[in-house]
Amino acid sequence: MKRLALPAAGWCARAALLVSTLLPGAWGGVAQGQPLPPLFPIRQGDLHGLINLEGQVVLPPEYSELRLGQPYIMLRKGYRTAYADGDGKLVIEPQDELSQPFADGLVPMRGKDGSGKLRWGYADPKRQLVIAPAFDDAQPFVDGLAVVGIADAWGAMKYGAIDRSGKLVVPAQHDKLLAPGGGLVRAEARQGPDRTHRVFDARGRDITPPGVDFVGIASDGMVRVWAGRQQGFMSVTGQLVVPPRYAQASDFKEGLARVWIDGKYGYIDKTGALVIPAKYESAEDVSDGLALVKDNGRPQFLDKHGKLVLAPEAERVWPFSQGLAVVKVGGKHGYIDKQGRMVIEPQFSFARPFGNGLAFVGAGRMSGYIRPDGKFVWKADS
């Protein structure tokens, strides 16, 4: 077990916030070609570092900014940026040429265009420009698309989207493009007091369904859409599968989405069929194959057909992740398995779900990462 002495003041709260705000899978993704190992954030004051699954410090907490990319980790100290591989070895020494994270194996980089003007293109991990510098703004790639900007003679910027070949698949004629996701990119514009949204696929086709005035982010092959205050779902190909008819809904997770009907929650499948009746006072997204709901004040876990699987006795319960769920009993947090057995006794002041094999927990002025057997692999003591 590795230990690192850290300043006590505010450490647990800041570290808990850091872990809780990570995007799912952000620290264990697969790069272009070379897979990255699971990595976990640590902090010392306002400085960032990383440990691996065994609790070994891969990067000590000495960086003002640390962002995982594909295939490298971006590190920043002061005004300089460096890049490290999954073992913490510097592969690009501190420099000023690159300043954004790698994504999909590419990173925005400046170079001279045909007229000698300094503009943005994209470089590979060897810092070779593979997409020619032809843009006045360049954002990271996400799922094969990147937002770029082209300025006119007066400096007014219009935005479009390119694919990995550098082809402009969405013309640079939009005032604002939101970050891509799921192979889609959304345009946002204002017409008088109103805001309009359009969504384009990876070939640049406008696939916005008629009557839709707001488009969400792709999740599990579906996209939440709005018409006025009503919500429904379209497929990533643009088919309006579930017309907007719900006052509340959530994105699809593991094939189901929560919906709110007459003050109660239930779940629909991707055809729009209500597969779990809307009779619960609260509900969480499906996670690890189970849906956490509350019925008459009692937490229950249901399978994807609505069958009751488990009704734990606890003050509070969180969704399952990697076979374990956080529960609060007697004011302390522990973990149960899917049979309801307490496999990690309640002992923590806070506990986060397991992800990539570890969970972040805290007790008093101590915090750290534990394995599914409850053993610490890394601790930050006061």
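Let me start with contacts, where contact means heavy atoms within 4.5 Å. Among the contacts in the chain with a separation of 6 or more, 31% are between residues 24 or more positions apart.

This is a predicted model, in which local features need pLDDT of at least 70, side-chain atom pairs count only at pLDDT 80 or more, and totals for chains, interfaces and linings use all residues. Residues are numbered from 1 along each chain as its sequence is written, and side-chain values use heavy atoms, with hydrogens and water left out.

The pLDDT is the predictor's confidence in each residue, from 0 to 100. Its average over the chain is 90, and 89% of the residues score at least 70. Residues 1-33 are below 50, and this stretch has 80 contacts in the model beyond near neighbours in sequence. Where pLDDT is low, the predicted coordinates should not be read in detail.

Next, the elements. Helices (H or I, at least four residues) and strands (E, at least two) are DSSP runs, numbered from the N terminus. The chain has one helix and 38 strands. Of its 382 residues, 46% count as buried, meaning under 20% relative accessible area with a 1.4 Å probe, counting protein chains only; exposed is over 50%, and partly exposed lies in between.

Now to strand β20. Why is β20 largely enclosed by the rest of the structure? Five of the six residues of this strand, residues 222-227, are buried, so the rest of the structure largely encloses it.

What does β20 join? Two strands pair if DSSP finds at least two bridges between them. Strand β19 (residues 214-219) runs antiparallel to β20, with four bridges, and Val 215 has Val 225 of β20 as its bridge partner. Two residues lie between the strands in that hairpin, where Asp 220 takes a positive phi near 60°.

Strand β21 (residues 230-235) is also antiparallel to β20, joined by six bridges. Here Ala 227 stands opposite Gln 230. The hairpin of β20 and β21 has two residues between the strands as well, and Gly 228 takes a positive phi near 65°.

Last, a sheet further along. Four strands form an open sheet in the order β23-β24-β25-β26, with antiparallel pairing. Its edge strands, each pairing on one side only, are β23 (248-249) and β26 (274-280). Strand β25 (residues 264-268) is joined to β26 by three bridges, and Ile 268 has Leu 274 in β26 as its bridge partner.
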